[in-house]
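Visitor: I would like to learn how to read a protein model feature by feature. Could you take me through one?

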Amino acid sequence: MNTSKEQYTFSKFASNSFYRNQNAQLIDLLDIGDKQRIVDLACGTGGVTRLLFERLKNARDAVVIGVDHSSIAIKQAIEDFKDVKSSAVQFVQGGIEHLSTAVKDKVDTIVLCNAIHYIPDKDTLLTDINKSLHPGGKFAFNTTFFEGAHLPETLKFYRVWMLKAMRHLKSEYGLSVNRSGKVESRKQLTPDDYTDLLNKNGFQISIQEIKTVQFTKEGFLDISKFDDFIQGTLPGVPLDKASNSLQAGVHQAFEELNLQYVLRNWLDVVAVRR
Ligand SMILES: C[S@@+](CC[C@H](N)C(=O)[O-])C[C@H]1O[C@@H](n2cnc3c(N)ncnc32)[C@H](O)[C@@H]1O
């Protein structure tokens with residue numbers, strides 16, 4: 001079986017329509033039609049980059065620059081944009097932590113979808129984003145890994161899912177999980193924490209909202225095929241086995257609890273550089 005990391009990119013999950021809509025709604029809050037230079041930070045395989053590009057089509061001399069530290073994701077994004085015969089989309093491999101190195105000239109808008117929770121030092125991140133924006137430029141992010149993302153009535157689903165996944169891992173592969181070392185995406189901030197951080201780092205919040213989304217079974221199956229999620233959830237387990245067990249857990253939890261979907265909150269924030 002092919003267990004290479006290329007098999008476990010974000011692209012399967014990114015094609016779920018509930019997820020695309022979630023990102024599209026954030027992008028539409030930005031009203032970017034006339035914006036010229038946009039950075040899609042942590043662009044992954046380019047799903048959000050495409051949403052941005054579609055909204056820029058008629059703007060002359062516009063550019064969207066996708067930045068991600070994963071060479072595999074960047075390679076796939078470039079491949080997926082092969083049809084776009086335009087210099088309006090560029091991809092740069094680099095860490096969010098080195099934004100001002102990856103993107104030298106100031107930009108009008110910076111978007112960071114579904115990744116801010118990965119970054120341990122958010123102060124430094126926001127200082128760097130502030131420096132990279134023109135005054136009045138916009139920074140938008142969303143995340144479903146924040147304190148308040150889980151509705152109380154859905155906690156049982158996550159418990160059953162993980163229990164079933166662990167049992168599958170043990171019974172099918174004789175493996176268990178070493179849980180030492182908490183991954184960053186598990187240490188979650190509240191919306192108020194984000195407000196404080198943005199204010200402190202030279203931003204004025206123009207929109208902050210929480211939306212409740214129907215997270216589908218297909219979505220949980222697809223997120224179980226994404227390496228960052230797999231490693232964060234079942235650390236130390238080989239990707240193929242961990243992915244299979246997580247998917248088995250999804251099937252069993254949805255069946256046992258008779259679910260059509262699981263509700264989950266998404267935080268959307270748009271802030272303006274002072
Ligand atoms: C959940 S995916 C989101 C992809 C895309 N922004 C979206 O919303 O569909 C998170 C992405 O963040 C990237 N990432 C995580 N930490 C990063 C860092 N420190 N620097 C650059 N990229 C990072 C991962 O490689 C991954 O592609």
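Guide: We go from the overall fold to single residues. This is a predicted model, where local features need pLDDT of at least 70, side-chain atom pairs count only at pLDDT 80 or more, and totals for chains, interfaces and linings use all residues. Residues are numbered from 1 along each chain as its sequence is written.

Visitor: How many helices and strands are in the chain?

Guide: Helices (H or I, at least four residues) and strands (E, at least two) are DSSP runs, numbered from the N terminus. The chain has 11 helices and 7 strands.

Visitor: What radius of gyration does the chain have?

Guide: The radius of gyration is taken over C-alpha atoms, and the globule rule is 2.2 Å times the number of residues to the power 0.38. For 274 residues, a compact globule would have a value near 19 Å; the chain has 19 Å, which agrees. Along the principal axes, the C-alpha atoms fill a box of roughly 55 × 40 × 35 Å.

Visitor: Which share of the residues in the chain is buried?

Guide: Count C-beta atoms, placed from the backbone. A residue is buried if 20 or more other C-beta atoms lie within 10 Å of its own, exposed if 12 or fewer, and partly exposed in between. Here 39% of the 274 residues are buried.

Visitor: And contacts?

Guide: Two residues are in contact if their C-beta atoms, placed from the backbone, lie within 7 Å. Among contacts in the chain with a separation of 6 or more, 84% join residues 24 or more positions apart.

Visitor: How many residues does the largest nonpolar core have?

Guide: A nonpolar core is a set of buried Ala, Val, Leu, Ile, Met, Phe, Trp, Tyr and Cys residues joined through C-beta atoms within 7 Å. The largest one has 71 residues. Those with the most contacts inside it are Leu41, Leu52, Ile110, Val111, Leu112, Phe139 and Ala140. Strand β7 (residues 261-273) gives the most to this core, with 6 residues.

Visitor: Why does Ile110 count as buried?

Guide: Ile110 is buried because 26 other C-beta atoms lie within 10 Å. Ile110 sits in strand β4. Not counting residues up to four places away in sequence, Ile110 touches Val39, Leu41, Ile129, Ser132, Leu133 and Phe139.

Visitor: What does Leu52 touch?

Guide: With residues up to four places away in sequence again left out, the partners of Leu52 are Ile27, Ile32, Ile38, Asp40, Val64 and Val111. Leu52 is one of the buried residues of α3. In that helix (residues 47-56), 9 of the 10 residues are buried, so α3 is largely enclosed by the rest of the structure.

Visitor: How do I read a helix with two faces?

Guide: An α-helix has 3.6 residues a turn, so residues three or four places apart point the same way. Take α6 (residues 122-132), where Leu126, Asp128, Ile129 and Ser132 are buried. They cover an arc of only 160° around the axis, which puts them on the same side of α6. The arc is that of the directions from the helix axis to the C-beta atoms. The face turned away carries the exposed residues Asp123 and Lys131.

Visitor: What covers the buried residues of α6?

Guide: The cover includes α5 (99-102), β4 (107-113), β5 (133-143) and α8 (191-200).

Visitor: How do I read a positive phi?

Guide: Most residues other than glycine have a negative phi. Asn114 has a positive phi of about 55° although it is not a glycine. Asn258 also has a positive phi of about 55°.

Visitor: Where do Asn114 and Asn258 lie?

Guide: Asn114 is in the loop between β4 and α6. Asn114 counts as buried, with 24 C-beta neighbours inside 10 Å. Asn258 is in the loop between α11 (239-256) and β7. Asn258 is exposed, with 6 other C-beta atoms within 10 Å.
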